[in-house]
Amino acid sequence: MKSVVLLALVFSFYIIHVLSDVNLERKKLKQSTPCYDELDDPYIQFATKTGYRVNQNKDDDEIKYKGCSAKQFWLMSRHGTRNTGTKDMIKMKTELPLIFRNTKVNHKAGRGSLCDDDIKNLEDWEFLANVTEDKYLVTEGFHELKGLGKRFQKRFSTLLSRPFVNESYVFQFTDSERTDVSAQAFAQGMFGRRDSSNVYMKKSSKPDYLLRFYKTCDKWLKEVDENSTAIIEKKMYEKSPEFLGMIKSVSDRMGFTSSLKLEEVDLMYSMCSFDKAWRPKDLSPWCAVFNEDDLQILEYREDLEYFYEDGYGYQINYEQACAPLKNIFENFRKTVSEESSVSQPKGFFYFTHSGTILKVLARIGLYKDKVRPTHSNRLEQMNRAWRTSRIDSFASNIAFVLFKCADDYRVTAFIQERPVRLPGCSDDFCHFREFVDQYGSLVSKCSIDDICRV
């Protein structure tokens, strides 16, 4: 009997020792993992939900070329940071507190590697957006576009001169609140609050062949939008060991003994990215549940989706995007040839959506990688050009400026307010004849009816 009691005592001490070691290891893990608010340089590239401050060019010095003067300005911009959809906001508001409640239980039980500050920040988190404002532009989005207009006006102050005169400019936006208010914000930045109230803003009619051409392109709708094969790479990636490992990484960090559902991870990721876009000076507590590798994996999944639905993945994606290019080409050509007795507008400003921006970038021929992204080659794509965090954040913009020089007309293209070299051009300051040689045939064949016919 004594030997049994002794054996039981030894076993008890052994269990206590093992549990003590386990708790010590857990404590060491938490201590070795920095709190999210202690990170010096947190990862903030969230694909198409990235705020524009990440990409904006703060250098607003006047742009001059010796012997040249700017004659015409053309811009197409995505709307600024917006709310997510009402259904998603309701999920965020109701389901995220439940996920946190379980995470807090895990933390108290010594599971997971979130630090005390991470837990406290999540506990203090509140969902502040108005769920009835479905995809409305938010305050930060207004500031993004206002700042964009102000900086471009400073760079081209002679051409984009104040006070505002309606005959000199064309403003157009799609049939949506977020592009309407974005256009107003841009005008306010460019011309000042008083003059901007006099700007005539044209709302696109439906169907919108210039700013939302894909919505009525039957071939694209059939071959891409309604075709499950178009997102097969994304779906295959979601089943890959790397992606499933990411879900386990997040689950472990939050102290769950079994993996979270993809829908739960998506909801937290969405909240992390929108929180950061809405309030760029603050850190989102929900970003603490991800490490940098997790965020890069989630970013890549979105890049796969947008590559095949809006980019080089299908030929129809960019073939249908010739109308904006034709608009640039024809307006510049009128100015160059001076064929009209009526003076041409000095500026064209269009406000649209992610799907348009990406398709136009592909039509222009920019950001095309040598190797297509797939579900199995993310590590080879770490330096990819097709990265929506950089080319399609909120308020992403494409601008073309026509210059008249002593010897020739020139064209400069700007992406996110920075000059880029166009395909077929010898440098950033492209000869107009090079511009015509590169894009003239695309423009001449731009028949949306023919391109989109099934």
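Residues are numbered from 1 along each chain as its sequence is written. In this predicted model, local features need pLDDT of at least 70 and side-chain atom pairs count only at pLDDT 80 or more, whereas totals for chains, interfaces and linings use all residues; side-chain values use heavy atoms, with hydrogens and water left out.

The protein contains 16 helices and 8 strands. These elements are DSSP runs, numbered from the N terminus: helices are H or I with at least four residues, and strands are E with at least two. Along the principal axes, the C-alpha atoms fill a box of roughly 115 × 50 × 40 Å. The protein has 454 residues, of which 53% count as buried. Buried means under 20% relative accessible area, exposed means over 50%, and partly exposed lies in between (1.4 Å probe, protein chains only). Contact means heavy atoms within 4.5 Å. Among contacts between residues at least 6 apart in sequence, 80% join residues at least 24 apart.

Two helix pairs were examined. Packed helices are described by the angle between their axes and the distance between the axes. Axes are lines fitted to C-alpha atoms, for helices over the stretch in contact, and angles run from 0 to 180 degrees between N-to-C directions.

Helix α12 spans residues 322–337 and helix α15 spans residues 432–444. Their axes come within 10 Å and cross at roughly 135°. The two helices are therefore oblique to each other. Angles under 35 degrees count as roughly parallel, over 145 as roughly antiparallel, 65 to 115 as roughly perpendicular, and the rest as oblique. The crossing of α12 past α15 is left-handed. A crossing is left-handed if the near helix is turned anticlockwise from the far one by less than a right angle, and right-handed if clockwise. On the α12 side, the contact involves Cys322, Leu325, Lys326, Ile328, Phe329, Phe332, Arg333 and Val336. These meet Phe432, Phe435, Val436, Tyr439, Gly440, Leu442 and Val443 of α15. By class, the α12–α15 contact has 12 nonpolar, 1 polar and 2 charged residues. Ala, Val, Leu, Ile, Met, Phe, Trp, Tyr, Cys and Pro count as nonpolar, Asp, Glu, Lys and Arg as charged, and the others, Gly among them, as polar.

Asn327 also lies in helix α12. Asn327 is buried, at 17% relative accessible area. Beyond its neighbours within four places in sequence, Asn327 contacts Trp74, Leu210 and Tyr350.

The second pair is α8 and α10. The axes of α8 and helix α10 (residues 292–310) come within 10 Å and cross at roughly 140°. That angle makes α8 oblique to α10. The crossing of α8 past α10 is left-handed. Helix α8 contributes Glu242, Phe243, Met246, Ser249, Val250 and Arg253, and α10 contributes Asp294, Ile297, Leu298 and Arg301. By class, this α8–α10 contact has 5 nonpolar, 1 polar and 4 charged residues.

Arg378 is found in the loop between α13 (354–364) and α14 (388–391). Arg378 is buried, with a relative accessible area of 8%. The side chain of Arg378 makes a polar contact with the side chain of Glu242, at 2.9 Å. A polar contact is a pair of N or O atoms within 3.5 Å; within protein, one must be able to donate a hydrogen and the other to accept it, and residues adjacent in sequence count only if both atoms are side-chain atoms.

Backbone geometry was examined next. Tyr367 is found in the loop between α13 and α14. Its phi is near 60°, a positive value in a residue other than glycine. Tyr367 is partly exposed, with a relative accessible area of 23%. Ala395, in the loop between α14 and β5 (397–405), has a phi near 65°, again positive in a residue other than glycine. Ala395 is buried, with a relative accessible area of 0%. A cis peptide bond joins Lys206 and Pro207, with omega about -5°. Pro207 lies in the loop between β3 (201–203) and α6 (218–225).

Ser258 lies in the loop between α8 (241–253) and α9 (262–278). Ser258 is exposed, with a relative accessible area of 51%. Ser258 and Val131 are 127 residues apart along the chain, and their C-alpha atoms are separated by 31 Å.
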